[in-house]
Amino acid sequence: MPCPALPDGFDFTDPDLLHHRVPLPEFAELRAAEPVRWIPQPLNIAGFQDEGYWAVTRHADVRYVSTHPEIFSSTLNTAIIRFGEHMTREALDVQQLILLNMDPPEHTRVRQIVQRGFTPRAIRALEERLRDRAHAIVETARAHSGPFDFVTEVACELPLQAIAELIGIPQEDRVKIFEWSNKMIAYDDPEYAITEEIGAESAAELIAYAMGMAAERKQCPAHDIVSTLVAAEDEGNLNSDEFGFFVLMLSVAGNETTRNAITHGMHAFLTHPEQWELYKRERPSTAAEEIVRWATPVNAFQRTATQDTELGGKPIKKGDRVGIFYASANHDPEVFENPDQFDVMRDPNPHLGFGGGGPHYCLGKSLAVLEIDLIFNAIADAMPDLTLTGDPRRLRSAWINGVKELQVTAG
C-alpha cells in the first residue's frame, strides 16, 4: 500500500487550513492509501492531554465508529475534535451535559424525551408557517437595490425563525440566539475577537435564557414544545438544567449547520449554473440531500476508544481519540459516483452530513431538509437571477465548514 503524500505536520483540524478550504485532496490521499491514520499534534494544542488523534476518512469506517458507541465514546472527551489550548478538564466535563456528548444509556433517556418535539406531526405543523416565512425572508432580501450578504439576509433567518417557532422563543429574541451561538463557535476566528471565556459566557447566557423559559412554562404551560418537555419531570421530562443544555445544542445544531448548508448550497448553485437552471425548472426533491452532502457543515466530530480495538487495520488503544471526517466520507468514490460533482438529482444519496447513523444521528434532520427545500424554492420563485458578486468569506474553525459572508445581488 503506498504512503499518502501528506506534508509533515499536516493536521485536518488546523483552523488555518479550514479557514481557506476543506482538504478534499488530502482526504482522497488517505482514503486510497491509509484510511485510518495517526495525526500527531503538539501536546495539549487541541485542549486534550494527548499528542494527536486517528483520522478516519472512509465512509464505511465513519459509519462503523458512529454505530458502535460502546467502543467509541462521545462522553469521554466530548464530540468536539479540537478546542483551544486553554481548555480545562473541568470545562470538558461540563460539556458532557449536552446531548451531543452523551453515551447510552443517559443519551437514550434524554433523546427519547426531546425527540417528542421532532415527530413528523410536529414538523408538518410547522411547514405552512415556515413556507410563509421563507417567502417573506426572500422578498425582503430582493428589495435590496445593490449587493447584500446572503448569510445574514437569507441563510441565517429561516433556521433562527424555525427554532423560535419550534420551542416558543419570541421572534424578537431570535437575534440573541444568533449572537450567542456565533460566539460559542467563533473562538478560532480572530476577526470576531471572541475568546473562549466570551464563548463560555455566551453559552451561560443562552442556558440561563432557556432555563428561564422552562421555569415560566412550569408555572404557566403553553401549547409549545417547552411545555411538553419540562412540564412534569417525574413523568419522564427534562429538568431545567437539561432543557437549558438542550436549547444550547439546538442553537448550534439547528442554526449554524442549516445556515451553512443553505449558504454553501447557494454558492454551489451559482458556481454550477446548469444545476441552478435544472433546479428552477424541475424543483427535484433530491436537492436538499445533495446540498447537505456537498456542504457537509460539520467537517468532523470525534469519539474516544473505550477499549483496545482495531479499525482499518490499525490498532486503536483505549483512550485514543478518533476523528470521524464526514467531509471525506461524503466524497468517498466507493459510495458516490462522481463524488466531486454537484448533482441535485443524485439518488440514492447515502451521505453522512447528518451523522454516520447510530445514537447521534441528527435529531432535526427532517426539519433541516424542510427548511432547505422551502428556502431554495422561495429563492427560485422570487430571485431566480441571483448573482454572485464576491467569493465566500470562510469561518476560521477547527470543525465547522462555515461561511461568514457571501455577497450577492438579486439580479
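Start with Asp-11 and Arg-82: select both. Each is buried (under 20% relative accessible area; over 50% is exposed, and partly exposed lies in between, with a 1.4 Å probe and protein chains only). This is a predicted model, where local features need pLDDT of at least 70, side-chain atom pairs count only at pLDDT 80 or more, and totals for chains, interfaces and linings use all residues. Residues are numbered from 1 along each chain as its sequence is written, and side-chain values use heavy atoms, leaving out hydrogens and water.

Now show the contact. Asp-11 and Arg-82 form a salt bridge, with the closest N and O atoms 3.1 Å apart. The term stands for a side-chain nitrogen of Lys or Arg within 4 Å of a carboxyl oxygen of Asp or Glu. Asp-11 sits in the segment before α1 (15–20) and Arg-82 in the loop between β3 (72–73) and α4 (89–95), so the pair ties together parts 71 residues apart in sequence. Helices (H or I, at least four residues) and strands (E, at least two) are DSSP runs, numbered from the N terminus.

Next, select Arg-346 and Glu-290. Their salt bridge has its closest N and O atoms at 3.1 Å. Arg-346 lies in the loop between α15 (326–329) and α16 (365–382), while Glu-290 belongs to helix α14 (residues 287–295). The two are 56 residues apart. Both are buried.

Zoom in on Arg-37 and Glu-34: their side chains meet at 2.8 Å, N to O. Arg-37 is partly exposed at 22% relative accessibility. Glu-34 is buried at 18%.
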